[in-house]
Amino acid sequence: MIPIPKDVPLALPAPEPLLVVLLVAFFLLHIVFVNLMIGGALLTVVYQIRGLKDVRFDRLAHVIADTVTVNKSLAVVLGVGPLLAINTLYTVYFYTANALTGEMWLSIVPLVIAAFLLTYLHKFRWHAMASHRRWHIAIAALAAALFLFIPLIFLTNINLMLFPARWTEVRGFWSALLLPNVLPRYVHFILASIALTGLFIVWLFRRAPDAKIQAIGVDRETLVRSGYRWALIPTLAQFVVGPTVLLTVPGDGRTGQVIAVILAGAVIALPAIWLIVLELRSHGTALGRRFWPIVSLLTITVLCMGSGRHLYREATLAPHQAEVRALTDRYMQAVDQAAHEARP
Amino acid sequence: MDFPLFHADLIGNRAIIAVVATLHVLINHGLAVGMVPLVATIEWHGQRTGDKRWDDLAYKIMLVSFIITTTIGALTGVGIWLCASLINPYAIGSLIRVFFWAWFTEWLVFISEVSLIVVYFLTWRKWMTPALKRRHIRFGFAVGGFSWVTMAIIVAILAFMMDPGSWLTERTLFSGVTNPIYLPQLAFRTPLALSMAGIVAAFLTACFTRRDRAFQQEALRAVNLWPLFWVPLTLAGGWWYASVIPEAMQANVGTALLTMEFEQWQTQLLEGVVATALILYLISQLGVLRPRWVPRIAYFAALLAVIGLTGQFERVREFIRKPFVIGQYMYANGIRVGDYPLLKRDGLLRHSTYVYPLTENELSGVLPDRLDRLADGKTVFMVACSRCHTSNGVNSVVARFEAMFEGTWEPKLLADYITNMHDVRPYMPPFPGNDAELLALSDYLIQLRTTRQPVEGAQEVGVAINPRAVDAARSAQALLSERGQR
């Protein structure tokens, strides 16, 4: 049995296509900063551990850590708009998923607060904890672990809302987490976070003032190249993980259109990868010249993936949404009729 | 009632949202809306006098505000939505449909506010030339302005929930925003936020200037001028707000009993306002005249008084709304006023998509012939009562009846009482179902009292489809075949 609940009987506040554009566009913007926050937190830990042997990497970690707190603020505020849009467009679906994973859904609030406070503690106590490096790294690692876990809660909800047929099977968050494609999507997302942060590192150091580069002590080419490497390897891995995601999502929504859009995104990533490889082989002033072409191509990829994701959601839910609308209309007619009968 | 229902049976659903929302209000008012203009003023004073100690003090206060507002403040704001979607999904879903563009605008302002606050804080030690410093101070006031606008938009929604005014007939965003309680509430909250910030800042100043006693006196004197200025305006705003509430309440339910109960609340509230205002006023006055006489703990006590006052106002705001969650439109149980005739006629269960079967624990020891009735009673409890009541936890439904009936729990007695409950206790919504459901609920309540088993929500035990719900469910087969035909 598939549950068909009634929707809120108030009109949408704007034409649906407008709400969809708001949802997709602002969600992508939000997720870019979430990617940078998570990737930044992970790379901070990695470089700080390397910094135990070579202090230059500790200084690099500090520069990256400084960006995490800014990116996290933007990630949070940019998330509000898409949350509003998804609340409006998919009220029945989203709230149902929220309720079925309720405790974990609520725990987003304390978990994110804890992660943010740890990030500030880590950043502002950098020099004060210089003689307790391992404890300092432990704080960063704990924050990174929280940052790694929180997206799972969102992903589980976003996934569960797509499958009304599974709603009555779910018993809490962990059972919803085990629905077939949550984990592949999660890996897809984490790889994207690392890749995007790699490009962010290139952006950070490509044209940074010499003084900033000298303060770190690692030469500019090495920094830029390490950024490209962080971008390249996960992006290559996406060519395995991406198809896995596509194959594990339930088939109803995997229409030709969805596959075409996602394939287009993947194909556009190919020249970007080629350009990254060329960058890694370049030296001196030639290094970094292809940055904006790479970013432009990958932006198109991200737009394709985001659109494909939305088209999949639409294709999966459309028949059920039609049922919900029809039931809500019938219910409201019955409401009117009963009110009429009840009038003296 | 058509969503799977999350339920926290120990602390109650309301407590969750109360904690998150109160924390958010305190941080928003005391550390953002009210604090940033004060910090910018201190910074400006520092620039004007050329005394760097003022700048350092302003920076330190801002550091505390910045860290708390961008972590706990920001997240509890989003948290209110996350909680509301669990606790009263129909209410928040409806509010979002009405106020989408208000929230959307608020979001754009919020983005600007957060971006500005990040720039303001991170450039503090970098923009040191006189021209840059002037720009920095202007940034500070701009952040304050944006914070105020976000609050001003949200207050419109809060006031709407108390009394939607002409929205009930017009159904437009404009009529929703221009509700009767909006301006008075805003006129209260604005100086309240500024006063709160003054008290917090006085406390922080006392802490941060410990090593420089001479400057401490001077700084405390200056900072205390802030609440001294805003407290009387808070009092005036509070008076205006409190004076429009009775009308709103009469619009909600014009019963004498509620009026009586409300008058007690109102008196308490006004006494609270005056007492708090006096305490604040005295401490600030003393802080200005004899800063040395005021220990740090006094500022902390003043802060607690303001928190108490704010909490009291939020409680009254919640109380005044009852029995509605959206005045005249939706009851606190999430059921629309307009749905009642249908639900009374057909029963709740016929129109509920989900049911909440008895769990293994609840099943044990129950005679088979009572099972169906108890299961019905449980679903009725979840749909009609669980948004506000727990079984045996906070605001326990069992305890409420125990206080009235003591040992004499009879299904008929309970059912009779529930039928007329909204007359005796006008802040309760009327019972939404039919007579059979009323008896099933009564049976279930007696069972709750006997077994003391907690009622688990959908987040723990999931939900089941209601086999009796008309149209509410299709077999997977039928749905798939219909899809095939399309």
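**Exercise 1. How many residues does the contact take from chain B, and how many from chain A?**

A word on the model before the solution. This is a predicted model, in which local features need pLDDT of at least 70 and side-chain atom pairs count only at pLDDT 80 or more, while totals for chains, interfaces and linings use all residues. Residues are numbered from 1 along each chain as its sequence is written, and chains are lettered from A in the order in which they are written.

*Step 1.* Read off each side: chain B gives 63 residues and chain A gives 55 residues.

*Step 2.* Look for the main contributor on the side of chain B that touches chain A: α4(B) gives the most, with 16 residues. Helices here are DSSP runs of H or I with at least four residues, and strands are runs of E with at least two, numbered from the N terminus.

**Exercise 2. Describe the make-up of chain A.**

*Step 1.* Count the elements: chain A has 11 helices and one strand.

*Step 2.* Check burial: 46% of the 344 residues of chain A count as buried.

**Exercise 3. Is Ala222(B) buried or exposed?**

*Step 1.* Locate Ala222(B): helix α9 of chain B, residues 213–252, holds this residue.

*Step 2.* Recall the cut-offs: 20 or more other C-beta atoms within 10 Å means buried, 12 or fewer exposed, and in between partly exposed.

*Step 3.* Ala222(B) is buried because 20 other C-beta atoms lie within 10 Å.

Technical notes: Two residues are in contact if their C-beta atoms, placed from the backbone, lie within 7 Å.
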